Structure formats: C-alpha cells, structure tokens
Amino acid sequence: MGYIMSRIKRLAVLTSGGDAPGMNACIRAIQLTASACNIEVIGFMHGFNGLLEQEYLMLHEQHVNNIIQRGGTILKSARCPALEQAGGPAKAATVLQQLNIDALIIIGGDGSFRGAMAISQHYHGQLMGVPGTIDNDVDGTDNTIGFATAIDTALDAIDKIRDTADAFERMFLIELMGRHSGYLSLAAGIAAGAEQIICPEFGPLSPDNLKHLIIPMQHAQLLSAKASYLIVVAENSYPGGTTALADDLTKASGIECRACILGHIQRGGSPVGADRILATKLGAYAVEQLLQGASLMMAGEINGQAGLYPLKKTGDRTKAIDPFLVRWQQQIGSF
Ligand code: ATP
C-alpha cells in the first residue's frame, strides 16, 4: 500500500461518547488497514472504561466481516467519568504501556478527544482521533461519521409526522438531538421543509421572547387555515425543553402545539452510503497517518480531502452551521 516502515507493532481502538452509525465501518477499516501492514489491533470495550479496566479483545478480520452495514458499535460505547477523575488519565496510560500498545485511535466526539489529550500527558505512544458523532459538532472536519445517517433517520420521522399533522391540521414541535449545536436540526429541518427551525446558534429563547415564533405561526394559520405546521427544535434550545416550549407557545398563541421528541432513534440504524465511505476513508487514513508518525491529531475531511487537525482544537467551536441555509431560511420568513 506504499506505507513507510513504522515502529508500530500493535495499535488499539475504542469508540467513546454517543454511538453513531458508521462507527463499525470505521473499526473495520482500521482493522483491515492495520492487518495489511502486519500490525496487531486491540479493541477496548465500552469506551475508555475498557481501557481503564483492561476489557479488550484482539480484533481479527472475522470480527469485522459483515459489520460495515451495522449501526451501533461492536466495541460498545459509553461515557467514562473515571477518566475525568484524578489519576484516571495516568492509569489509562499505564495500561497502554503495559499492553505494549504503540498507538491508540479514539472514535468519538470532542469530549472523547479531550480525554485523549488528558491521556497524552502520561502516554509516550501515538494518539489519533476519528470524528464519530451524530451531532457534527467537531471542528476540523466538514462532517462527522454518523451525521448523514442521522439526518435521514430524522427526516424519515419528520416526514411521517408531517403526514399526520397534515391529516389532523396540527402544529408540531419536533425535537432533534445535537447536544448544544444545531447542525442536525438545520439540516433535517431544511430537508423536511419545516416551517420554522430553532437552534441554539440563533440565540437564547425564553418565555419572554416567543413573539418572533408566534407571528409567523399565526400568519400561516390565517393564510392557509387548515395546513400543517412543523417547527424543528434542537435539544437544549429552551428552558424546560421542547414540551415546555410547546405548552408556552400554545398559551401565548392560542394555537394548539404538540411536542414530539425523536430521542435515541436518531442514533440507530444502518449507516447510509456517505457515512460508510467517510468512516472507511477516515479509519484507513488514521492508520496511514499514524504509520507516518502523526500524533495528537484528528483524521478529518475538508472539501472532500482527508486531512489532519490538532486534537486539542477540535472542540473550539469555530465551525459554523451553514450560513447560506440560515440566511435563506430567514429570508423566507420562518424565524
Ligand atoms: P458525543 O458528543 O457524541 O456524545 P463526546 O465524545 O463529545 O461524544 P463526551 O460525553 O463529551 O462525548 O465525552 C466522552 C468521554 O470522554 C467522557 O465520558 C470522558 O470519559 C472523556 N472526557 C471528556 N472530557 C474529558 C476531560 N476533560 N478529561 C478526561 N476525559 C474526558
């Protein structure tokens, strides 16, 4: 494959934070690429927990056969509060050293990469991140693994809600995941033709400033009295959540609004083609770059090109939701 000789004999991989469709495709690419270079691969279970507790398996080709199409992660994922406690990162580094692991690949979000940075204070091997989260809130890559699938999953649900909203002439607020970012809500909201989209990036929303939401709702009701009306809401956009927002809008507007929380359905499902390709590309690229000596970097993709980005900058939140789509949605008067 044209790789230079590397001192890496054994590398490890783990999946951490919220699971995302395509993580399995990435594990597969890592295993296959490493095997082709005669490198042993260890998979730690349950995120950083498996590293701290030495719960792992040797990953062979048979473990990654027929997983490219499967959602979730064969290594399981989890949060790991123990890594954030004093002594956690040092213990993780000791385990890596004891197991003779020359490099660790972390598939996860920017929180997981902070964990990697903490381990780097004590570990002499190489560390590489691969962005895997449905939230897409990681700097240094246009898209994270899982984001494209989550858009389609959300869209499928929103389209179904549209059918019943149309039949019953109702207003629905549909809450999507995203932690503190609106990538998923903006993308799925645009693709679903939502009448309004609410994201944290548009500024704080409180019971005192609902007027700008209500005026277009009332306007739409006057214009087409029996139409459905959908508002896509990113989680954490309103104090008390989307159900509280629906209640407050109902009281303030006199129009009955119903809340629908999509929840964890958005994390599941078979990864779409774009996620399988991205996961394969970034997993293979991560191994290739480790072999060339890279460390403390994330393997991302910008404008179709795989590239490295410093792990410590992945959570800086400099990547903005698409300004063109935001402006267009504003232009059509929806928020
Ligand atoms: P997602 O946003 O998709 O859930 P994430 O990787 O951002 O993914 P987090 O819950 O933020 O998810 O972080 C995952 C894990 O990373 C934490 O449970 C913890 O083990 C580790 N971690 C996060 N921040 C730190 C830190 N400052 N020091 C050590 N470990 C950390």
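Select the ligand and the 18 residues around it, among which Arg79, Cys80, Gly111, Ser112 and Thr133 come nearest; a residue counts as near if one of its heavy atoms lies within 4 Å. This is a predicted model, in which local features need pLDDT of at least 70 and side-chain atom pairs pLDDT 80 or more, while totals for chains, interfaces and linings use all residues. Residues are numbered from 1 along each chain as its sequence is written, and side-chain values use heavy atoms, without hydrogens and water.

Colour this shell by class, and you will find 4 nonpolar, 8 polar and 6 charged residues, with Gly counted as polar and Cys as nonpolar.

Next, select helix H5, residues 110-120, which gives the largest share of the shell, 6 residues; helices are DSSP runs (H or I) of at least four residues, and strands are runs (E) of at least two, numbered from the N terminus.

Now look for polar contacts, which are pairs of N or O atoms within 3.5 Å. An N or O atom in the side chain of arginine 79 is 2.7 Å from an oxygen atom of the ligand, and a polar side-chain atom of threonine 133 lies 2.8 Å from a ligand oxygen. At glycine 109, a backbone N or O atom lies 3.0 Å from an oxygen atom of the ligand.

Notes:
Polar contact = N/O pair within 3.5 Å; in protein donor to acceptor, adjacent residues only side chain to side chain.
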